[in-house]
Amino acid sequence: QKGQIRVQTENIFPIIKKFLYSDHEIFLRELVSNAIDATQKLKTLSSIGEAKGDLNDLRIDVVLNVEEKTLSIIDKGVGMTAEEVDKYLNQLAFSGAEEFLSKYKDANIIGHFGLGFYSAFMVSDKVEVFTKSFREGATGVYWSCDGSPEFELNEIEKEERGTRIVLHINEDSAEFLDGYRIRGILEKFCRFLPVPIFFSEEGVKEEEKDKELEEKPINNPNPIWVRKPSELTTEDYQNFYKELYPMGETPLFWIHLNVDFPFNLTGILYFPKIKQSYEIQKDKIQLYSNQVFVTDEVKDIVPEFLMLLHGVIDSPDIPLNVSRSYLQGDPNVKKINAHITKKVADKLDEMFRNERNSFEEKWDSLGLFVKYGMMTDDKFLDKGNKFLLLQDTADKKFYTLEEYKTAVEAVQKNKDGKTVIIYTTDPVQQDGYIKAAQGKDYKVVKLETLIDNAFINQMEMKWDSVHFVRVDSDIADNLVDVQEHSNSVLSGEEEEKLKGLFGFQVPDLTLKVEVKGLSADSAPVIATRPEFMRRMKDMAGM
Ligand code: ADP
Ligand code: MG
C-alpha cells in the first residue's frame, strides 16, 4: 500500500514551539528577517515596475511595550493580502520566500523553509498580524492565533502598506520584555542587515528615554563586504575593521572574498598583527548568511589554521539554522573551507612575489599562520613551501627553503645528501655556539617562536631533503655529519683521564662525555646536547 503521511496540527504545534530552535532569542532574528525580506521584495518589484509608491522611507521598527507585554516588528514592505496570509501563515512549512526566489532569481532573500514565522510562538501566548499589501486597492488584513491550530482572519482598516507583527510575550519569556536584552539581540543578529532597523520603547516616560539612541539605526545596512573590491579604498577596509573590533590594532592586510560559483561566498578576512603566539584569539571570524549573523564559531567552515584570522564570511549557501553536526557533513562547507585555504595561499604567494620586502617585514606575524598552515593542511603545505622564510642570524637576510639550500650547498650537506638546517631557538643564550657555527661558514637560522618546535618535527617528516640540527646539539665541527669523526689528538689513556674528570662534573646520566679536537679559537670545553635527545626530552615535557 502507498499513501500520504498526515500531520495532526494540535500535536505538531507544541513540538515546533519547543524544538524549532534551542535558542529562544532566535525568534527576533526570524521576524526581522521576514521584515527585511518583505522590504527587499518591494525593492525588487519596484525596480521592474511591478510595484509603485514611495520607497524613500523604507525602515523596520522594533517596538517594546513593557506595560502591555508586547513586542512589535513593523515593516513597510510588500505586506500581504488575505489570500497571501492564508497561504503563507496558515500553511506550515510553506515558504513565500522560496516561491518569490523561483520567480525573481537575483533577489537577496533570507527565508527558506517557511518555519521562521512560527518561532514567534516560542515566546508568545498570542501573535497578531496587521498587514496591507502593496497592490493597488488592497485592504488591510488582521490575523491572530494563540498557538492553537485555530486562527482568526479579518479585513480591517489599515492606512500604510506593510506589516506589523505584535507578539504578546508569555510568562516564561519575560526576559524579552527587557529593552537592553532586545537591543542586544538586535545588535548581535541584525548588525549588517540591509534595511535600517530602529528600536524604541513605548509607554516609557519621555524623560527616561534615550532619544538619540532610538533615532540611530541598530545596523549598518551597507557593510563593505557586499560591495565590489574595486570600489573600496584601504581606508574603507581599515574603518570596517575598526567597526568590527573597536579595540583592535590596524590589521596587516586583508583578503576580500568574492565567489559566485560553484557556491556563493563573500567576506573579508583580516590578518591581525601578532607579536607573540599567546596573544592569539580564536573565534574572531563571524559567519553571516545574507547579512544575517549566524555564529562566531566558524570551526569546519574556516580551516583550523585560519581561525586566527579576523573578519566576516557571508554565504547564503550556509543555512541559518546551523548546528555543529550539520556543518561537518555539509558538502558546501567543505568546499568553502578548501576555497578559503586556496585564496589565502594565493594571496600570500602573490604578496611574496610582488612585494617581497613588505612580506618579509610582516614575517613575524605571518610566519605563525604559514607554519601552522603547513603543518595542518597538506594543500597549503605545497604552496607554503614556496614562501616559507628562514631568517639568517648573521646577515638577517630571509631565505626561502630553496634559496637556503642553494646558499649552503657547499658546506651544509651531510653524508646522506641532505641539507642540514642549523637553527637557534635563542640567539642570545646560544650565541657562543652560533659564532662557532658561523666560523665554519654555516648559516644559522632563527626558529625561536612557540610553534617552531612542532614545526621542525613535522617538516622533517614532510621535507625529505632536509635535516634540522639545533646549533648547540654538537660541536660546530660535527653539526654537519659528513663522516665518522675521529679527530682526537690524544692517546686513549689521556682520553679516559679527561672523561673521568668531566664525567664527575656531569651527574646527569643521560649526558655523556666525549673528547674531541676543537679549533684553536674555540672555547676549551663545550656542553652540547644531541638533537635527538633534546627532542625526546621536549616531547616528554622535560
Ligand atoms: P520563510 O521566511 O522561510 O519563507 P517564514 O515562516 O518566516 O518562512 O514566513 C512565511 C512566509 O510568510 C514568508 O515567506 C512570507 O511570504 C510571509 N511573511 C512573513 N512575514 C512577513 C512580512 N513581515 N511581510 C510580508 N510577508 C511576510
Ligand atoms: Mg522567514
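Which residue in β9 is the bridge partner of L257? It is G267. Let me show you where that pair sits.

First, the ground rules. This is a predicted model: local features need pLDDT of at least 70, side-chain atom pairs count only at pLDDT 80 or more, and totals for chains, interfaces and linings use all residues. Residues are numbered from 1 along each chain as its sequence is written, while chains are lettered from A and ligands numbered from 1 in the order in which they are written.

Two terms come up all the time. Helices (H or I, at least four residues) and strands (E, at least two) are DSSP runs, numbered from the N terminus. Two strands pair if DSSP finds at least two bridges between them.

Back to our pair. Strand β8 covers residues 253–259, and strand β9 covers residues 265–271. They run antiparallel, joined by seven bridges. Together they form a hairpin, with five residues between the strands. P262 is in that loop between β8 and β9.

N290 lies between β10 (285–289) and β11 (292–295). Its phi is near 50°, a positive value in a residue other than glycine.

Now the sheets. One is an open sheet of seven strands, with mixed pairing. Read the order as β5-β4-β3-β6-β2-β1-β7. Why is one side of β5 (151–156) and of β7 (197–202) left without a neighbour in the sheet? Both stand at the edges with a single partner strand each, so one side has no neighbour there. From one strand to the next, the twist averages 15°. For angles in general, axes are lines fitted to C-alpha atoms, for helices over the stretch in contact, and angles run from 0 to 180 degrees between N-to-C directions.

Look inside this sheet. Strand β3 (residues 124–132) and strand β6 (residues 162–169) run antiparallel, with eight bridges joining them. V129 has I165 in β6 as its bridge partner.

Helices pack here too. Helix α2 (residues 26–47) touches β1 (60–65), β2 (70–75), β6 and β7. Contact means that two residues have their C-beta atoms, placed from the backbone, within 7 Å. The direction of α2 makes about 20° with that of β2. Helix α5 (residues 179–189) lies across β1, β2 and β7, and runs at about 175° to β7.

Next, ligand 1. How many residues surround it? The count is 23, and the closest are A38, S95, G96, G111 and G116. A residue counts as near if its C-beta atom, placed from the backbone, lies within 6 Å of the molecule or strand. Helix α2 returns here: it gives the most to the shell, with five residues. Both α2 and α4 (96–103) supply at least two residues each. By type, the shell has 10 nonpolar, 10 polar and three charged residues. Ala, Val, Leu, Ile, Met, Phe, Trp, Tyr, Cys and Pro count as nonpolar, Asp, Glu, Lys and Arg as charged, and the others, Gly among them, as polar.

On to helix pairs. Both involve helix α12 (residues 378–387). Helix α11 (residues 363–376) packs against α12 at about 140°, with the axes 8 Å apart. The two are therefore oblique to each other. Here is the scale: angles under 35 degrees count as roughly parallel, over 145 as roughly antiparallel, 65 to 115 as roughly perpendicular and the rest as oblique. On the α11 side, the contact uses V370, G373 and M374. On the α12 side, F380, L381, G384 and F387 take part. That contact divides into five nonpolar, two polar and no charged residues.

T341, A345, L348, D349 and F352 in α9 meet K379, F380, K383, K386 and F387 in α12. This contact has five nonpolar, one polar and four charged residues.

Last stop: an open sheet of five strands, again with mixed pairing. Its order is β14-β13-β16-β15-β17. The edge strands, β14 (398–400) and β17 (466–470), each pair on one side only. The twist averages 45° from one strand to the next. Strand β13 (residues 389–392) pairs with β14 in the antiparallel sense, over three bridges. There, L390 stands opposite Y399.
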